[in-house]
Amino acid sequence: MSITSNLLSPLMIRVYTVAAILLAWEAVVSTGTIKAIFLASPTQIVSALPSIMPVFAAAFGQTVFLYALAFTLAIFLGVGIGLITGTYGRLNGVLGPFIGMGLVSPKAVFVHLFVTWFGIGQLPVILFGSFFGFFPILINTIAGVRETKPEYVTIAKSMGFSTARIYQKIVLPAVAPSFLTGLFLGSNLTFVGIIIIQIVFETSRFGSGVGGVISRLSELVMIPELYAFSILTLISLIAINGTLFYLSRRYDKWRLQ
Amino acid sequence: MVAFNQNLYRFFILVAALTTWEIYAGFVNPILLVGPSQVVSALSQVLTTDVVWREFTFYPNLVTTLFEILAAYAVSVAIGLPLGFAIGSLRRVGAAYEPLLLGFFLFPHVVLYPLIFLIFGIGVISKIVIGIIIGFFYVTFNTSAGIRQVDRGLISLAKSLGYSEFTVFLKVVMPAAAPTIVSGLRLGFAYSLIGIIVGELLLPNIGIGLLLDVTGSTFQTASHLAMILVTVGLGIVGDGLFRMAESRVLRWRFG
């Protein structure tokens with residue numbers, strides 16, 4: 001009973017599904033059912049890993065550095081503007097639709113303008129990443145401030161707390177959970193922005209980053225290397241985002257204790 | 001005392017921003033920035049003559065992009081709704097596959113787009129695939145969340161009154177889940193559009209993405225800003241239509 005239920009647990013069903021997809025993938029490529037020009041089988045990808053590893057390490061190191069700068073900037077702007085906007089209800093009401101538009105509009109259209117305005121160095125890459133990461137952080141900070149219980153603030157005021165103390169003791173702890181969600185989403189989007197601008201301006205300008213290498217590999221039709229590189233990138237990004245996610249959960253537990 | 005009018009302030013902010021932009025643009029090189037008046041005149045020229053730059057025409061590319069958006073959205077809904085219903089109402093399926101989907105949703109897919117271009121070609125199909133990949137998650141997750149948040153008490157009450165599973169679904173689950181599902185349908189549209197535009201920008205050979213690329217890389221700043229305006233406008237108009245439909249569909253709930 002327990003063995004069968006273990007074998008059919010949700011986790012095992014996931015494992016079966018992924019295994020089935022990998023096997024089917026390997027089968028259609030190696031038997032030639034699907035023309036393999038643009039498909040690499042899992043075994044081909046694994047054998048391409050050693051040769052692509054050094055290229056990946058260099059490119060990812062460069063991109064993570066840009067990401068760190070871009071994400072820091074996005075956090076500063078998002079939290080700063082978010083605290084101000086969230087505190088003043090009327091300001092929030094007036095700006096709400098503009099901010100909402102910023103969240104769901106296709107920000108990628110500004111990619112050429114960023115290069116026109118900020119030159120061909122790494123500055124447009126950093127700023128474009130911040131531009132992508134900024135909105136989720138802003139919106140979640142505002143949402144957090146709005147969730148602060150007004151009674152707490154009133155009580156603190158009546159007890160003679162200064163504004164700074166109120167922010168420190170009441171507003172910021174109330175903002176934290178939704179801010180951490182914003183941090184996670186923002187981190188993801190910062191990477192998206194950086195990779196988009198690197199792919200669009202690959203050959204001429206920022207060829208050394210992750211997006212540039214991906215674009216170059218696909219132009220050179222180095223298929224197994226392209227798959228291996230993309231998968232390495234994804235795993236690394238998932239590791240970074242997963243860490244953020246884990247930290248946010250841990251913080252939440254600590255806060256509720 | 002005059003009542004606080006949000007729209008008035010919004011209008012002031014817009015006017016102030018446009019004025020600042022217009023004045024500032026007067027002092028900088030027109031390659032870097034042109035004022036809103038020139039953007040509007042460039043846009044009206046494009047709309048009347050159909051020419052964006054040299055042999056690049058506007059309307060055929062706009063139609064291509066619109067077609068891609070609608071196709072991607074249609075498929076997103078066709079996949080996303082049933083999947084969301086399955087995940088939301090069948091507990092085992094949800095427990096097994098939701099983490100998998102969530103994991104796929106929460107990483108930057110943009111890394112995979114060059115692969116998608118290689119597999120699906122450089123035409124409209126690859127762009128549509130990207131639009132689907134971004135769009136269908138919002139439909140799926142909102143649908144499953146909407147179904148999960150239905151009050152269990154209502155369902156067991158309906159069942160105890162002898163309603164069939166199907167009637168319960170139609171009369172209890174659907175009305176209660178509708179607002180969340182409908183907002184998922186709206187988000188799905190916005191994100192399908194984002195996917196299409198990103199796809200067209202990463203491989204700019206058709207659609208509005210091509211026009212953005214051509215005008216951007218030749219520094220036709222007025223036409224480039226006009227094309228940005230068109231793209232962002234598509235999103236805003238689409239979102240506005242969905243909001244109108246949303247309030248219409250959901251009005252009965254409060255009637």
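Reader: Which side chain does E98(B) meet in a salt bridge?
Author: E98(B) pairs with R148(B), at 3.0 Å from N to O. A salt bridge here is a side-chain nitrogen of Lys or Arg within 4 Å of a carboxyl oxygen of Asp or Glu. Before we go on: this is a predicted model, where local features need pLDDT of at least 70, side-chain atom pairs count only at pLDDT 80 or more, and totals for chains, interfaces and linings use all residues. Residues are numbered from 1 along each chain as its sequence is written, chains are lettered from A and ligands numbered from 1 in the order in which they are written, and side-chain values use heavy atoms, leaving out hydrogens and water.
Reader: OK. Where do E98(B) and R148(B) sit in the chain?
Author: E98(B) is in helix α4 (residues 91-105) of chain B and R148(B) in helix α6 (residues 124-148) of chain B, so the pair links distant parts of the chain, 50 residues apart. Helices are DSSP runs of H or I, at least four residues, numbered from the N terminus.
Reader: Is E98(B) buried or exposed?
Author: Buried, with a relative accessible area of 17%. Buried means under 20%, exposed over 50%, and partly exposed in between, using a 1.4 Å probe and protein chains only. R148(B), at 38%, is partly exposed.
Reader: How many salt bridges are there over all chains?
Author: Five, from a search of the whole structure. One of them joins R243(B) and D239(B), with the closest N and O atoms 3.2 Å apart.
Reader: And how far apart are R243(B) and D239(B) in helix α10 of chain B?
Author: Four residues, which puts about one helical turn between them. Salt bridges with shared partners also tie R186(B), D239(B), R243(B) and E246(B) into one network.
Reader: Switching topic: which residues touch the most other members of the largest nonpolar core?
Author: I196(A), F229(A), F58(B), Y113(B), L202(B) and M227(B), out of 118 residues. Such a core is a set of buried Ala, Val, Leu, Ile, Met, Phe, Trp, Tyr and Cys residues joined through side-chain atoms within 4.5 Å.
Reader: Which helix gives this core its largest share?
Author: Helix α8 (residues 163-200) of chain A, with 15 residues.
Reader: What is L202(B) in contact with, leaving aside neighbours within four places in sequence?
Author: Its partners include I196(A), I199(A) and V200(A), plus Y113(B). Contact means heavy atoms within 4.5 Å.

Technical notes. Helix = DSSP H or I, 4+ residues; strand = E, 2+ residues; numbered from the N terminus.
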